[in-house]
Amino acid sequence: MTIQKKDKLPPEPLERCETVRREILLELKEQNLTAKDLSSAVGIPEKDVYEHLEHIRKTAMNQPCSFTMAPAVCLACGFIFRKREKLKKPGKCPVCKRGHIQPPRFTVTAKA
Ligand SMILES: [Zn+2]
């Protein structure tokens, strides 16, 4: 049995991009989610999720909602990556040097 390679899809038009971003926002309004959760919820690769989140974070100040990131946590020693601004999950813990990391979680809340 042979595995067929998927045909490469043309770049998505901007319209589709906006739809995905809206879907991500809707998902985040309900709950705290990791990039991986969003990837499966919306059906796009994890690396694309980060791009959308980056955009959402940048534009959140113009929106009626705020974007919040709960920091990543080292599951081995409990270290919290409080100062980390990057959305991506850290590779390893600076304290215990292990790679057992709970990725950051994202949420969107309505501004008071
Ligand atoms: Zn650690």
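Where is the place of Lys 97? Point 4 takes this up. The model is predicted; local features need pLDDT of at least 70, side-chain atom pairs count only at pLDDT 80 or more, and totals for chains, interfaces and linings use all residues. Residues are numbered from 1 along each chain as its sequence is written.

1. Overall layout. The protein chain has 3 helices and 4 strands. Along the sequence they run α-α-α-β-β-β-β. Helices (H or I, at least four residues) and strands (E, at least two) are DSSP runs, numbered from the N terminus. Of the 112 residues in the protein chain, 13% are buried. Buried means 20 or more other C-beta atoms within 10 Å of the residue's own; exposed means 12 or fewer, and partly exposed is in between, with C-beta atoms placed from the backbone.

2. Helix packing. Helix α2 (residues 35-42) packs on helix α3 (residues 46-59) at about 105°, and their axes are 9 Å apart. Axes are lines fitted to C-alpha atoms, for helices over the stretch in contact; angles run from 0 to 180 degrees between N-to-C directions. The two helices, α2 and α3, are therefore roughly perpendicular. The cut-offs are under 35 degrees for roughly parallel, over 145 for roughly antiparallel, 65 to 115 for roughly perpendicular, and oblique for the rest. From α2, Ala 35, Lys 36, Leu 38 and Ser 39 make the contact; from α3, Glu 46, Val 49 and Tyr 50 do. Contact means C-beta atoms, placed from the backbone, within 7 Å.

3. Nonpolar core. The largest nonpolar core has 9 residues: Ile 24, Leu 28, Leu 33, Ala 35, Leu 38, Val 49, Leu 53, Phe 106 and Val 108. Such a core is a set of buried Ala, Val, Leu, Ile, Met, Phe, Trp, Tyr and Cys residues joined through C-beta atoms within 7 Å. At least two residues of this core come from each of α1 (14-30), α2, α3 and β4 (105-110). Ala 35 is in contact with Glu 46, Val 49, Tyr 50 and Pro 103, leaving aside neighbours within four places in sequence.

4. The β2–β3 loop. Lys 97 lies in the loop between β2 (73-74) and β3 (101-102). Its phi is positive, about 65°, although Lys 97 is not a glycine. Most residues other than glycine have a negative phi. Lys 97 counts as exposed because it has 10 C-beta neighbours inside 10 Å.

5. Ala 76. This residue, Ala 76, is also found in the loop between β2 and β3. Ala 76 counts as partly exposed, with 15 C-beta neighbours inside 10 Å. Ala 76 and His 100 are 24 residues apart in sequence, yet 6.2 Å apart in space, C-alpha to C-alpha.

How values were computed
Contact = placed C-beta atoms within 7 Å.
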